[in-house]
Amino acid sequence: MMLCNFPVFPTISLRAWPHRAKKCGTRCLKMENVPALATFTAHSTWTSDLQSIAHFEPMSFHPALAAPDTVVAKVNGTPITEAEMTYAEAEIGQELAGVPKENRRRVLVEYLTEAHLMATAAEKAKLDKGDDFADRMKYHKLRALRDAYFEKKIREAVTEKEAKAIYDEKVKSLPVQKEVRARHILVKTEEEAKKIAKEIKGGADFGKMAQKHSKDHGGQGGGDLGYFTRGQMVKEFEEAAFKLAKGKISDPVKTDFGWHLIKVEDKRDRKPPTFKEVESQIKASLVQSKLQTSVMEMRKSAKIEMVDADLKKAIEKEKAQRAAFEKAKKEAMEKAKAAAKKDGDKKADDKKSEDKKADDKKADDKKSDDKAAKDKK
């Protein structure tokens, strides 16, 4: 029932800050809190892989002041150090997001313990011999170099000062938005909605009626949709909700999903978030931007040859799709700009016409007043 709109931003945009999708039943999706940053990349899987790293915030659940060579545990006498913990965290940290914070460090040590045990077993079985292992080591060195570049030249290049500047420019100045908190009851027909409305007017509780009659799963929560701003709901629902006063219930409202009864629980102003609330999101966006810029510059100066015919064809197809997308986007923007100008010109002409009519009326009124005064004398 909700309007869910994921915009595509060219690099960084903080018009609305990172979205969180919230399910309100089988057909109800609402975007909460703040701006998702989406960019189109038609490059290698490496770029996509790096982008996922760019959005990964290290959990840092190891002691902040511990030296890299500090021993955490030993496996058959071989030490597990804080340095290893840091590298392992970068590798599997995202997978630990669902583990309780107090258990993450222990899970990480267990992961490294098993890694040491399996590595020792592999050496005893002489699995470190042969061309396939050499190729594997070569690849892991490649990844290690890539990761080192990312950490030192990309992630660490983003500063708090830079993030604060983006905040001051894009977020801090955002206008205060009106928010409404509402409940709703969704039914198939207008007759059903009117019957339920009559019962509520007779004293029935809105929330309990939503649990009993609403066709979406949100009814189980008494139809509570939480707070939302303009642009998050379908038009008919939004207009009705924002017109209602706090505590009031709407007449039946028709949308593509059925008939709704809406009760406004609260209205408030939503202010832009503080810098601390969005600092990590802004930094992640800056990291992504720097990553893309850096990789694009590298690609420009590199000689990249696709030898595999199928792969070459797929990349050419992707480039063509990207070009078509950019062309369509440009045409849409030009069309919207022209429409806005035409609308602006019409409004300006209408205002001139209205101003002229007002001036003519004033002149006529003045003549009438002057004549009346003259006749009176």
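A residue counts as buried when its relative accessible area is under 20%. By that cut-off, 29% of the 377 residues of the protein chain are buried. The model is predicted.

**Overall fold**

The protein chain holds 10 helices and eight strands. Its exposed surface comes to about 25600 Å², with 54% supplied by carbon and sulfur atoms. Take the contacts in the protein chain with a separation of 6 or more: residues 24 or more positions apart account for 67% of them.

**Helix 4 against helix 9**

Helix 4 spans residues 131-154, and helix 9 spans residues 275-301. The two pack with their axes 11 Å apart, at an angle of about 120°. Helix 4 is therefore oblique to helix 9. The crossing of helix 4 past helix 9 is right-handed. Both helices supply side members to the contact, as listed here.

| Helix | Residues in the contact |
|---|---|
| Helix 4 | Y149, F150, I154 |
| Helix 9 | V287, K290, L291, S294, M298 |

By class, the residues of this contact are six nonpolar, one polar and one charged.

S294 belongs to helix 9. Is S294 buried or exposed? Its relative accessibility is 15%, so S294 counts as buried; the cut-off is under 20%. Which residues does S294 touch, leaving aside its neighbours within four places in sequence? They are Y149 and I154. Y149 and I154 are also among the residues that helix 4 brings to its contact with helix 9.

How values were computed:
Residues numbered from 1 in each chain as written. Predicted model: local features only at pLDDT ≥ 70, side-chain atom pairs only at ≥ 80, totals over all residues. Heavy atoms only, no water. Axes fitted to C-alpha atoms, helices over the stretch in contact; angles between N-to-C directions. Helix = DSSP H or I, 4+ residues; strand = E, 2+ residues; numbered from the N terminus. Parallel < 35°, antiparallel > 145°, perpendicular 65-115°, else oblique. Left-handed = near helix turned anticlockwise from the far one by under 90°. Contact = heavy atoms within 4.5 Å. Nonpolar A, V, L, I, M, F, W, Y, C, P; charged D, E, K, R; others polar. Buried < 20%, exposed > 50% of the residue type's maximum accessible area, 1.4 Å probe, protein only. Areas by Shrake-Rupley, 256 points an atom, 1.4 Å probe, with all protein chains shown as cover.
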